[in-house]
Each structure stands twice: as structure tokens, then as C-alpha cells.
Amino acid sequence: MTRLKTLYVCNSCGGQTLKWQGQCPHCREWNTLTETVQEKNVLRFSPDSMQKQVLSLSEVETEDMPRFLTGMDELDRVLGGGLVQGGVVLLGGDPGIGKSTLLLQALSRMSVHHRVLYVSGEESMQQVALRARRLSLDVARVDLLTEIRLEAIQSILAEHRPRIAIIDSIQTIYSETLQSAPGSVAQVRECAARLTRFAKTSGTCIVLVGHVTKDGALAGPRVLEHMVDTVLYFEGDTHSTFRLIRAFKNRFGAVNELGVFAMTEKGLREVGNPSALFLSHHGVRVAGTCVMVTQEGTRPLLVEIQALVDEAHAPSPRRLCVGLEQNRLAMLLAVLHRHAGIPCFDQDIFINAVGGVKITEPGADLAVMLAIVSSLKNRVLPEKTVIFGEIGLAGEVRPVQRGQERIKEAAKLGFTCAVIPKANQSRQAVKGIEIIAVERVEEAVSALF
Ligand SMILES: Nc1ncnc2c1ncn2[C@@H]1O[C@H](COP(=O)(O)OP(=O)(O)OP(=O)(O)O)[C@@H](O)[C@H]1O
Ligand SMILES: [Mg+2]
Ligand SMILES: [Zn+2]
């Protein structure tokens, strides 16, 4: 009788060890090793895949990959113009954020033109049907399968040959060839690999739903992200109705695109023009706030930046950023002191980007700095003014990408003045907006205060 061997597999990187350890020796994560039964050798490659020939790249016949629009513009935008034939998309997100809702809505629209299949491993037929009814979707042509055995799903896929198949979720699916439990690293990896292979050979688009752990990583091994063509994250604040979809990786399009939705009783509604979403609407103007134009993919967004500067009562003043980078703040304060002669070392400083957006681009620098100066001096910034620009250590204001588009968006929303980097100034004026082009931080400070 052979004894079953066990080994420990890391949930985060998929690495293996023979004995349990608190820390994974491969990726140095803590408490990620779980015991699994060593799998029997699985034949991963069928014999015919061994007889491939080498071709010169120019000999390979190519044609444009057909794309299928999902019918939801915001989703298509993030995908880079729709689903690609044979493409595999991983949609990750927190529990209850609306992954199933979004995909069911998209499927219902796609079912008009294509054969679609929804595989639910989490919910019963009744639950899915109830959701479709609540959202008043036309699902007459949406095929539904509740199944968690990979082999059964594969044979249905091979038989039905849908154009688009949704697997909700990859963590519930298991293969009978492996002994470990559904959701374990080995299972998730194997199931995703086999479904991906099916997509590539059959041309079916497969969307895998994936759960996200508390610290924001996709549950299951990192390898999942490498296997698929596109990784989308569905994010949002549980307190607000807004939901954002971001592409984390995309082999068929840009990765910085952002799709915006609002969760309503009738499901997710697309927000086609979100640029004014992140502005707060106070009646009186307050010191310490300013509006910046940030760029998410091809789309400019206006975001209000708030700063509160207050005398510190502890030896080490507090510095806090919400939605912006903390390290960047320390650098900006040093530049502000050194080049504009404004010290803040005895002040507590809090920075917030309104509406829960996360801004990672350095184009926010100038806006953050001027909001700080405004709060410190308790002077409001001029009305209807937008600000953007990156700040360098030498105190120079550096240009940002797509400056002209940002200015145009601000003008469209009724702003009348823009403080921008000199290098972003274009000879073509944008109607209705006055430009203050600055080269250095001290110039920007003296222009506004
Ligand atoms: N009766 C209802 N009326 C209004 N909104 C509802 C109703 N039922 C559910 N919702 C909304 O739908 C959301 C759940 O959506 P959905 O089931 O698509 O999420 P999910 O991301 O698939 O979650 P899970 O990870 O559990 O599969 C809820 O958080 C809630 O906002
Ligand atoms: Mg769901
Ligand atoms: Zn690891």
C-alpha cells in the first residue's frame, strides 16, 4: 500500500515545501502554507502538442482578432474594445461588490448576438434567475449551468461551443484528477490552466470570476494572473454606490483604463461622464481645497484635493494622505521649504482626495502643494481654477501627459482658469479658460497667493 504523501503549498506564490513553516521560503509571506496531498502525476500535455514545428515569425498567418462588444461601454473600454476571441479574462473583486451582477447584465446583452453560457458554482439556478428578474434582464437566450466539476464543465463547453462563457467563480471549480479541495492553489491553478487551454483551442472567450482576499490579492496563486490574458479588478467603497473597474493586466489593450459604474436597484448603471464625480460641492469656498485634473487612461477626471494644515502639538508632526502617496508628500514639503521658503515642520498635515479615488500619478504634485499653502495661509484659491503638474526635486514644475485634454475637460465643466506646467502650454488656446503657465514652484505660489 502506498502512503499518501503530504506537502505544504503557499497560497500566495504556489511554492512548495516538505514541512510546515510560518513563513513561505519562496515569497516570504507569512502564514500562507497549507497542507495538501501530493498529487498523482497528471498528464498535462496531450501527445499531439509535442509535435509542433518551428516557424519564422513572418510566416505565421495572422488576422485581426475578432472582438465582441459586451454591450456595456464602460466594460468594453477597460477591456480595450471588447472581449477578444479565445481570450481569458479574470475579474477579481471583494465579496458582494457586484461581479455576478455585472457579468449577468453583460451576458444578457451579448446573448442577442452570440451564444453565451453562464456557469455558476456558487449560486443555485433559482438564485441566478431571481437576480435576473430583479434586474429585469432579458435572459431568454442565456444558457445556465450550475456545476463545479471541471470535467463536466469542459464537456458541456465542448458540446455547446458558446462564444462567451462565464465561470463564477474559479475558486469553486474542482478537477477530479486532483485530490486537494476546491479553492486550493493546485485546484485553482489546474482548473484555470485547462479552461485557458480550451479557450485558446476553441476560440471561446472565457471570463473567470475570482475572489479577492482581505489584503487585496486574488485568492489563489499568483500564477493565475500570469495565465490569463486580462486581469480586471472591480473595486469600490462599500459606503458609496460607485464602482470602478480597472485593468491590472491586458494583453489586448492599455492597462490604465477605468470603467465607472453606479450600483442601483436595477443593477449596475454605467457612468459615461464621471469627470465631475469626485468634486465636493460646498457652497462657500474654503481654504485648503483645490481641483486637479488627473488622467485615467484616455479619460480626464477632475478630483478635489483637500489639505488641512494645523499647528502640531506633538514633537513629531503628523502626516497623513488618503488617496495619494505618503512618501510623495514628504518630498513635496521639502521642496516647498527649500525652493519656496515655506516651512511646515511644526505643522500636522492631512491630505485627502475626495470621493475615495486613488491618484498614483505625479501630476497631482502641484495641486497638493498649493492646497497645503492655501490651508497654511488660510487663503482660498481663486474660484473655478484647476491645477496640475509634476514637481521635481529642483523645484521645477514638470509637464504631464495629455495636458491639452485635461484643460479641455476642465473648460467643458465650466472652469475658467488653469495653473499648468509651462511645458504643457500649447499655442492653441482652449476657449473659455485662462492659462497660468508656471516653470517653478515659487512662481506658482506667488501667482496664486
Ligand atoms: N434586492 C436588492 N436590491 C438592491 N440591491 C441589491 C439587492 N440584492 C443585492 N443587491 C446588490 O448587489 C450586490 C451583490 O452583487 P453580486 O451578487 O453581483 O456580487 P458578487 O461580487 O458576485 O458577490 P459574491 O462575491 O458574493 O459572488 C449587493 O452588494 C447589493 O449591493
Ligand atoms: Mg457572485
Ligand atoms: Zn509563497
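An oxygen atom of ligand 1 lies 3.3 Å from a polar backbone atom of Ile97, and an oxygen atom of the ligand is likewise found 3.0 Å from a polar backbone atom of Gly98. Taken alone, ligand 1 exposes 650 Å², of which the protein buries 64% (areas by the Shrake-Rupley method with a 1.4 Å probe, where, for residues, only the protein chains shown count as cover).

This is a predicted model, in which local features need pLDDT of at least 70 and side-chain atom pairs count only at pLDDT 80 or more, while totals for chains, interfaces and linings use all residues. Residues are numbered from 1 along each chain as its sequence is written, chains are lettered from A and ligands numbered from 1 in the order in which they are written, and side-chain values use heavy atoms, with hydrogens and water left out.

Turning to the aromatic rings, the count comes to two aromatic pairs (ring centres of Phe, Tyr or Trp, the last by its six-membered ring, within 6.5 Å; planes under 30 degrees apart are stacked, over 60 edge-to-face, the rest tilted). Tyr233 and Phe248 form an edge-to-face pair, with 5.4 Å between the centres and 85 degrees between the planes. Tyr233 counts as buried at 13% relative accessibility, whereas Phe248 is partly exposed at 48% (buried is under 20% relative accessible area, exposed over 50%, partly exposed in between, with a 1.4 Å probe and protein chains only). Phe234 and Phe261 also pair edge-to-face, at 6.4 Å centre to centre and 85 degrees between the planes, and both Phe234 and Phe261 are buried.

Definitions and conventions
Polar contact = N/O pair within 3.5 Å; in protein donor to acceptor, adjacent residues only side chain to side chain.
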